[in-house]
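Please consider the structure shown below.

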Amino acid sequence: MTQASLRRWLWVHKWASLVCTSFLLVICITGLPLVFRDEIGDWLDDSLPYASAPDGTANVSLDRLAATARQMYPGEIIGSIFVDDDEPKVMVAMAPSWVAYNADRKSAHWIKFDANTGKVLKQSKSFSGDGRSFLDVMLSLHRDLFVGLPGELFMGLMALLFVAAIVSGVVVYAPFMRRLDFGTVRRDRSPRRTWLDLHNLLGIVTVAWTLVVGITGVINELSTPLFALWQMTDVKAMLAPLGDKPVPAESELSSPQAAYDTARAALPGMVATSVVFPGSPFGSPYHYLIWTKGQQPLTSRLFSPVLVDARTGALVSVVSMPWYLRTLEVSRPLHFGDYGGLPLKIIWALLDLVTIAVLGSGLYLWLRREVGFGTGRVHAHAPQTNSAAT
Amino acid sequence: MTADKAPSRRTLRQVFAAPLALALVTVAGLLAALAGDGAWDALSWIALGIPLATLVVFVSLSGRSSPSGQGNH
């Protein structure tokens, strides 16, 4: 590598890192509890316990749960019903009306039912009245800094800079290591030199993981625009032949349980996880949209929506997802680390801590920088000539 | 690459041999848990534990080295 190109790479490494480091520290620190979001969520959950039921007990009909929900909140609409495939629970999401929900998503609320008995286990207040849970705060700090889409795009950009910092870090690793064995940490002269060696070692050993989590983080931050793109293209084309029929009134709706069963029959081997009611901004104006997924670790992350006519209950189509949403779906587990049991989550947390150490040591190295770093007087063995740390 | 030809210089291949091996093990570990449950998960924990164990070994080794250090410059 020429001195000029090394200087350029050092410049990229310095500035990409400096710009993103403080945000990445927020991301890494809030990511730590988010790795264990299921465990923490269960622990903080104050729902009534599930009734004990033998394995294979049939779920209560969704029709009955929908009727109970409507009795509890007369005049309100049901937005969706979520059927958990892990725990015996069914969540019914409601809102005062679609108009109210579209104007303010926080007008929604939910009821949690025991899937085996139909008993109400917990109810949210409206989201605005419920306050933010600890995990909501962590997720917002991690994903969008409480400002929605602009925050998502900004944090996605920071993640992109992080990826640039990693790639440039790998490039400048080579000249720094020309005269050192892999894994060398010199503790004899200045603390800065020790931290430089630690920064290089921690960074290069975890580089594949940080790259994967960084790139999948960028992709996850694009989920809002990617879903919007899908709605504006494929979904619009799919619904266009149906014209401008009004959203069916509650009295016109066919049975949600029957729609759920129709979807399951259309895709044997898949698990149906939720029924989105017609009128939802996340569904279709005329159909029940039933989300189904596979049962293997990978396929359980790949969802296929099934459309069922909400008036007649007839199967309309199994929608195929475009490649960019498939990419998004695959990038979720690789970012969250939630696909290999608790030990994988612990590994994720440890690697996250190593990343924090790399970020922190990088910041320290910059604060204690020698005159010349990235400014033109860089030698391939710069780390060794380091007595004049400022 | 620079024209510097000091005898102790390592080639790119030497510099990146260990990092590349660790990266391949990491990617294998990330994919193993996606491939299946049970044994696949265990394989993934072992594979992803290797870079972490590498860090523990090298950081603790350096802590026990003599003040003259391992720097050979």
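The report begins with the chain as a whole and then turns to selected local features.

## Overall description

The model described here is predicted. Chain A has 390 residues, of which 48% count as buried. Its secondary structure comes to 13 helices and 8 strands. Taken along the principal axes, the box filled by the C-alpha atoms of chain A is roughly 80 × 45 × 40 Å.

Contacts within the chain can also be described by separation in sequence. Among those in chain A between residues at least 6 apart in sequence, 61% join residues at least 24 apart.

## Helix 3 and its surroundings

Helix 3 of chain A spans residues 62-72, and its buried residues are Leu62(A), Leu65(A), Ala66(A) and Ala69(A). Viewed down the axis of helix 3 of chain A, these buried residues fall within an arc of 100 degrees, so they line one face of the helix.

The N-terminal end of helix 3 of chain A is capped by Ser61(A). A side-chain oxygen of Ser61(A) lies 3.0 Å from the backbone nitrogen of Asp63(A).

In strand 4 of chain A, Lys122(A) is the bridge partner of Lys112(A).

The hairpin of strand 3 of chain A and strand 4 of chain A has 5 residues between the strands. In this hairpin, Gly118(A) takes a positive phi near 80 degrees.

Leu145(A) has its place in the loop between helix 6 (134-143) and helix 7 (149-176) of chain A. Its relative accessibility is 29%, so Leu145(A) counts as partly exposed.

Phe146(A) likewise has its place in the loop between helix 6 and helix 7 of chain A. Phi of Phe146(A) is near 70 degrees, again a positive value in a residue other than glycine. At 39% relative accessibility, Phe146(A) counts as partly exposed.

## Aromatic pairs and charges over rings

Over all chains, the count comes to 11 aromatic pairs. One of them joins Trp291(A) and Phe303(A): the ring centres are 6.3 Å apart and the planes stand at 85 degrees, so the pair is edge-to-face. Trp291(A) lies in strand 6 (residues 287-293) of chain A and Phe303(A) in strand 7 (residues 303-309) of chain A, so the pair ties together parts that are 12 residues apart in sequence. Trp291(A) counts as buried because its relative accessibility is 16%, whereas Phe303(A), at 21%, counts as partly exposed. The cut-off that separates these two cases is 20% relative accessible area.

Trp323(A) and Tyr324(A) form an aromatic pair that is edge-to-face, with 5.6 Å centre to centre and 90 degrees between the planes. Trp323(A) counts as exposed at 66% relative accessibility, while Tyr324(A) counts as buried at 11%. Elsewhere, Trp209(A), Tyr339(A) and Trp348(A) form one aromatic cluster. Charged side chains also lie over rings: Arg37(A) lies over the face of Phe336(A), at 5.7 Å from the ring centre, and Arg369(A) lies over the face of Trp366(A), at 4.6 Å from the ring centre.

## Thr299(A) in the loop between strands 6 and 7

Thr299(A) lies in the loop between strand 6 and strand 7 of chain A. With a relative accessible area of 32%, Thr299(A) is partly exposed. Not counting residues up to four places away in sequence, Thr299(A) touches Lys293(A) and Gly294(A). The side chain of Thr299(A) also reaches the backbone nitrogen of Gln295(A), at 3.3 Å.

Thr299(A) and Tyr73(A) are 226 residues apart in sequence, and their C-alpha atoms are 37 Å apart in space.

Methods: Residues numbered from 1 in each chain as written. Chains lettered and ligands numbered in written order. Heavy atoms only, no water. Buried < 20%, exposed > 50% of the residue type's maximum accessible area, 1.4 Å probe, protein only. Helix = DSSP H or I, 4+ residues; strand = E, 2+ residues; numbered from the N terminus. Arc of directions from axis to C-beta. Polar contact = N/O pair within 3.5 Å; in protein donor to acceptor, adjacent residues only side chain to side chain. Pairing = 2+ DSSP bridges. Phe/Tyr/Trp six-rings, centres within 6.5 Å; stacked < 30°, edge-to-face > 60°. Lys NZ or Arg CZ within 6 Å of the ring centre and 35° of its normal. Contact = heavy atoms within 4.5 Å.
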